[in-house]
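The sequence and structure come first, followed by the terms and the findings.

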Amino acid sequence: MTTTEQEERAVSNVVGYARVSTREQNPHAQEAELRAAGAARVFVDHGESSRIAERPQWGACLDYLRAGDTLVIRALDRVAGTEQMAIELIRDLGRRGIRLRSLTEPFLDVDTSTPMGEAIVGIMAVLAQLRVATIRENTRRGLAHARSQGRVGGRPSVMTPERTAEALRMRADGASVSHIAKVLGVGSSSVSRALLRHEPAPEAEPSLQDATS
């Protein structure tokens, strides 16, 4: 730790962390809020996703923090991109004796070293798992319903019935797939799939019994 960092620790144990998703965004507003909340040192990441744990300034912030410190953030999504990441972070900071304070989420200010604090984090973990399971189940039911209605999941095809009919007509006139795609303003792969779906089924080979009858 440098002399400057030691001096900062002598007057404050409140540490701030700010993050913006793109390099074009300005983190000054976040940094000002954190300093107004008492942070003498603020670490800032530019153009880093919260879903990536290995962020330069976030790593430096975690290394700087010591037991008894308070990490102050604007919101939990500044440090964790998923609920599971957030829960693991809260527990890890608690084990290290570091308090987490969010300026917009006061319910996060819990002491995980106490039975009550650990119970709250445990409830958060259960709710996170329940949310994921609910999303999966809703997606499964939605796909099953779509299949029962003769539809498949995913984005609607760019090949509308009108475009498909025009593609079939142009193909029958001898136009290439690339030319059809250019005229219709779609990708060649979309045209190929549409044509393939409307190709007539090949005639069945005559069986041996038909040949001898």
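## Basis and a buried strand residue

A residue is called buried when its relative accessible area is under 20%, exposed when it is over 50%, and partly exposed in between, using a 1.4 Å probe and protein chains only. Because its relative accessibility is 10%, Thr70 counts as buried. Thr70 has its place in strand S3, where strands (E, at least two residues) and helices (H or I, at least four) are DSSP runs numbered from the N terminus. Leaving aside neighbours within four places in sequence, Thr70 is in contact (heavy atoms within 4.5 Å) with Asn13, Val14, Val15, Arg99 and Arg101.

The model is predicted, so that local features need pLDDT of at least 70 and side-chain atom pairs count only at pLDDT 80 or more, while totals for chains, interfaces and linings use all residues. Residues are numbered from 1 along each chain as its sequence is written, and side-chain values use heavy atoms, with hydrogens and water left out.

## Nonpolar cores

A nonpolar core is here a set of buried Ala, Val, Leu, Ile, Met, Phe, Trp, Tyr and Cys residues joined through side-chain atoms within 4.5 Å. The largest such core has 21 residues, of which Tyr17, Cys61, Leu71 and Val79 touch the most other members. Strand S1 (14-20), helix H3 (56-64), strand S3 (70-73) and helix H4 (83-95) each give two or more residues to this core, and the largest share, five residues, comes from H4.

Not counting residues up to four places away in sequence, Cys61 touches Val15, Gly16, Tyr17, Phe43 and Leu71. A second, separate core has 12 residues, including Ala167, Met170, Ala175 and Val186.

Helix H7 (residues 177-184) and helix H8 (residues 188-197) have axes that come within 8 Å and cross at roughly 110 degrees, where axes are lines fitted to C-alpha atoms, for helices over the stretch in contact, and angles run from 0 to 180 degrees between N-to-C directions. That angle makes H7 roughly perpendicular to H8, a class that covers 65 to 115 degrees, whereas angles under 35 count as roughly parallel, over 145 as roughly antiparallel and the rest as oblique. Val177, Ser178, Ile180 and Ala181 of H7 make the contact with Ser188, Val191, Ser192 and Leu195 of H8.

Helix H6 (residues 161-172) packs with H7 at an angle of about 140 degrees, the axes being 10 Å apart. In this pair, Arg163, Glu166, Ala167, Met170 and Arg171 in H6 meet Val177, His179, Ile180, Val183 and Leu184 in H7.
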